[in-house]
Amino acid sequence: MLFSLSFVLIYGAYLAYTVLNEELQGYANKDESQHWSTGLTWSQYGGYWSWALTLDHRIGGVGLVALLTAPLALIMFGYHVYLIWAGATTNESSKWSEWRSCIDEGLVYKWVGGTGTTAQGMCEINIEPPVAWPIHSDQRLFRSEDGRPPVARPNGIDPHTNPDGPESSPAACWKSVYGLHEIENLYDLGFWDNVKDVFFPA
């Protein structure tokens, strides 16, 4: 929709330009081989266009609005193409910006191994039933409040465990995250597969 809107706005601005340009060509009394703006200064050129816009204010107003709003539609279209490429939505973009901020502060850790259950196995069936999706991950992230990694336990993760307790083990499986590229996005199937999922959802 944004692409078609951008096209319509650009085409509308072009039509307004052609109509007003023909009027200016006739007003300048120049032959068709010579453009009416030939030999004019920039101030004179702007004055001619101001006169044309006031002479035919309906076409000029619509064309001017289309010219000024077309870049906005193009920017929004480009932003949505970027979101499709990134495998995210407009709502998720704020979530990723929060993660990026925490990563810059050194507060994010990633579970890279161990005997913990996978993310798929952690889902409660009654709350989040399993769905068919081509990508699965056992990734688990932890956002620390003081910059210290959580404690790894044999049967799972308990960040609130006493580090000196008998059930705790060294947090060797928690690694600091230094960039968003280290975090898996389960919704990112690749650009073309993302496009297919948007326009032809299963």
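**Exercise 1.** Does Glu182 count as buried, partly exposed or exposed, and why?

*Solution.* The model is predicted. Start with the location: Glu182 sits in the loop that links strand S5 (174–176) to helix H6 (191–199). Next, take the relative accessibility, which is 27% for Glu182. Buried needs under 20%, and exposed needs over 50%. Glu182 is therefore partly exposed.

**Exercise 2.** Find which residues Glu182 touches, leaving out those up to four places away in sequence.

*Solution.* Apply the contact cut-off of 4.5 Å between heavy atoms. The partners of Glu182 are Lys110, Gln139, Ser176 and Val177. Glu182 and Lys110 are 72 residues apart along the chain, and 8.8 Å separates their C-alpha atoms.

**Exercise 3.** Describe how helix H1 (residues 2–28) packs against helix H2 (residues 42–55).

*Solution.* Two numbers describe a helix pair: the angle between the axes and the distance between them. For H1 and H2, the axes come within 10 Å and cross at roughly 110 degrees. The range 65 to 115 degrees counts as roughly perpendicular, so H1 is roughly perpendicular to H2. The handedness of this crossing is right-handed. Then list the contacts. H1 contributes Tyr17, Leu20, Asn21, Glu23, Leu24 and Tyr27. H2 answers with Tyr48, Trp49, Trp51, Ala52, Leu53 and Leu55. Sorted by class, the H1–H2 contact holds 10 nonpolar residues, 1 polar and 1 charged.

**Exercise 4.** Repeat the analysis for H1 and helix H3 (residues 57–86).

*Solution.* The axes of H1 and H3 come within 7 Å, with a crossing angle of roughly 155 degrees. Angles over 145 degrees count as roughly antiparallel. H1 and H3 are therefore roughly antiparallel. Their crossing is left-handed. On the H1 side, the contact residues include Leu2, Phe3, Leu9, Ala13 and Leu20. On the H3 side, they include Ile59, Gly63, Leu67, Ala70 and Phe77. By class, the H1–H3 contact has 17 nonpolar and 6 polar residues, with no charged ones.

Definitions and conventions:
Residues are numbered from 1 along each chain as its sequence is written. This is a predicted model: local features need pLDDT of at least 70, side-chain atom pairs count only at pLDDT 80 or more; totals for chains, interfaces and linings use all residues. Side-chain values use heavy atoms; hydrogens and water are left out. Axes are lines fitted to C-alpha atoms, for helices over the stretch in contact, and angles run from 0 to 180 degrees between N-to-C directions. Helices (H or I, at least four residues) and strands (E, at least two) are DSSP runs, numbered from the N terminus. Angles under 35 degrees count as roughly parallel, over 145 as roughly antiparallel, 65 to 115 as roughly perpendicular and the rest as oblique. A crossing is left-handed if the near helix is turned anticlockwise from the far one by less than a right angle, and right-handed if clockwise. Ala, Val, Leu, Ile, Met, Phe, Trp, Tyr, Cys and Pro count as nonpolar, Asp, Glu, Lys and Arg as charged, and the others, Gly among them, as polar. Buried means under 20% relative accessible area, exposed over 50%, partly exposed in between (1.4 Å probe, protein chains only).
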